[in-house]
Amino acid sequence: MTKNPIINSLVASLYIFALVGLMTWGTSMVKPKDSFIAPVAMISLFTLSAAVMGYLFLYQPIQLYFDNKKKQAVKLFLQTVGVFGLITILVLISLFLNLFTN
């Protein structure tokens, strides 16, 4: 990713919003039914999301760490987590204030 924690956090948030949008659209198009494949799909999606988030949050800090820029690596990681935490808090506030509900 980048060495900008704001961009990394925004991309992570956009990924989540896109995924939720796709899931919301998909469930409105298909009738839910019990099947073996639904739990497999959900666990696969969870695994994919963990890999994507790991890349977004850890790729640059690990690169910096192996370039012997350990303080910069820790700082970038903590800043990315911090900005993502602020975005998460804003989403939770909007949820509790019913800003984006029907």
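Q: How many residues apart are Tyr-55 and Tyr-59 in helix α2, and about how many helical turns is that?
A: They are 4 residues apart in helix α2, so about one helical turn separates Tyr-55 from Tyr-59. Helices here are DSSP runs of H or I with at least four residues, strands are runs of E with at least two, and both are numbered from the N terminus. Residues are numbered from 1 along each chain as its sequence is written, and side-chain values use heavy atoms, with hydrogens and water left out.

Q: What's pLDDT, and what is its mean for the protein chain?
A: pLDDT is the predictor's confidence in each residue, from 0 to 100. The protein chain has a mean of 92, and 98% of its residues reach 70 or more. Where pLDDT is low, the predicted coordinates should not be read in detail.

Q: OK, back to the rings. How many aromatic pairs are there?
A: The structure has 3 aromatic pairs. Rings of Phe, Tyr and Trp (its six-membered ring) pair if their centres lie within 6.5 Å; planes under 30 degrees apart are called stacked, over 60 edge-to-face, and the rest tilted. One of the pairs is Tyr-55 with Tyr-59, which is tilted, at 5.2 Å centre to centre and 35° between the planes.

Q: Are those two tyrosines buried, partly exposed or exposed?
A: Tyr-55 is partly exposed at 42% relative accessibility, and Tyr-59 is partly exposed too, at 34%. The cut-offs are under 20% relative accessible area for buried, over 50% for exposed, and partly exposed in between (1.4 Å probe, protein chains only).

Q: What about Tyr-65 and Phe-66, how do their rings sit?
A: Tyr-65 and Phe-66 make an edge-to-face pair, with 5.8 Å between centres and 80° between planes. Tyr-65 is partly exposed at 41%, while Phe-66 is exposed at 63%.

Q: Switching to pockets: how much space lies in the largest pocket?
A: About 410 Å³. On a 1 Å grid over the protein atoms alone, a pocket is an open set of points with protein on both sides within 12 Å along at least five of seven lines, and lining residues have an atom within 4 Å of a point. Grid points are joined across faces, edges and corners, and the volume is the space filled by probe spheres set on the points.

Q: Which residues lie nearest its centre?
A: The largest pocket has 14 lining residues, and Thr-27, Val-30, Pro-32, Ala-38 and Met-42 lie nearest its centre. The elements giving two or more residues to that lining are α1 (5–29) and α2 (37–66). The largest share, 5 residues, is from α2.

Q: How does that lining divide by class?
A: It has 9 nonpolar, 3 polar and 2 charged residues. Ala, Val, Leu, Ile, Met, Phe, Trp, Tyr, Cys and Pro count as nonpolar, Asp, Glu, Lys and Arg as charged, and the others, Gly among them, as polar.

Q: And what lines the second largest pocket?
A: That pocket holds about 330 Å³ of space. It is lined by 13 residues, with Ile-16, Phe-17, Val-20, Val-91 and Ser-94 nearest the centre. Here α1 and α3 (70–96) are the elements that give two or more residues, and α3 gives the most, 6 residues. By class, this lining has 9 nonpolar, 4 polar and no charged residues.

Q: Where is Asn-68, and what is its phi?
A: Asn-68 is in the loop between α2 and α3. Its phi is positive, about 60°, although Asn-68 is not a glycine. Asn-68 is also exposed, with 66% relative accessible area.

Q: Last one: is Ser-9 buried or exposed?
A: Ser-9, in helix α1, is buried at 0%. A polar atom of the Ser-9 side chain lies 2.9 Å from the backbone oxygen of Pro-5.

Notes:
On a 1 Å grid over the protein atoms alone, a cavity is a set of points where a 1.4 Å probe fits but cannot get out, and a pocket is an open set with protein on both sides within 12 Å along at least five of seven lines; lining residues have an atom within 4 Å of a point. A polar contact is a pair of N or O atoms within 3.5 Å; within protein, one must be able to donate a hydrogen and the other to accept it, and residues adjacent in sequence count only if both atoms are side-chain atoms.
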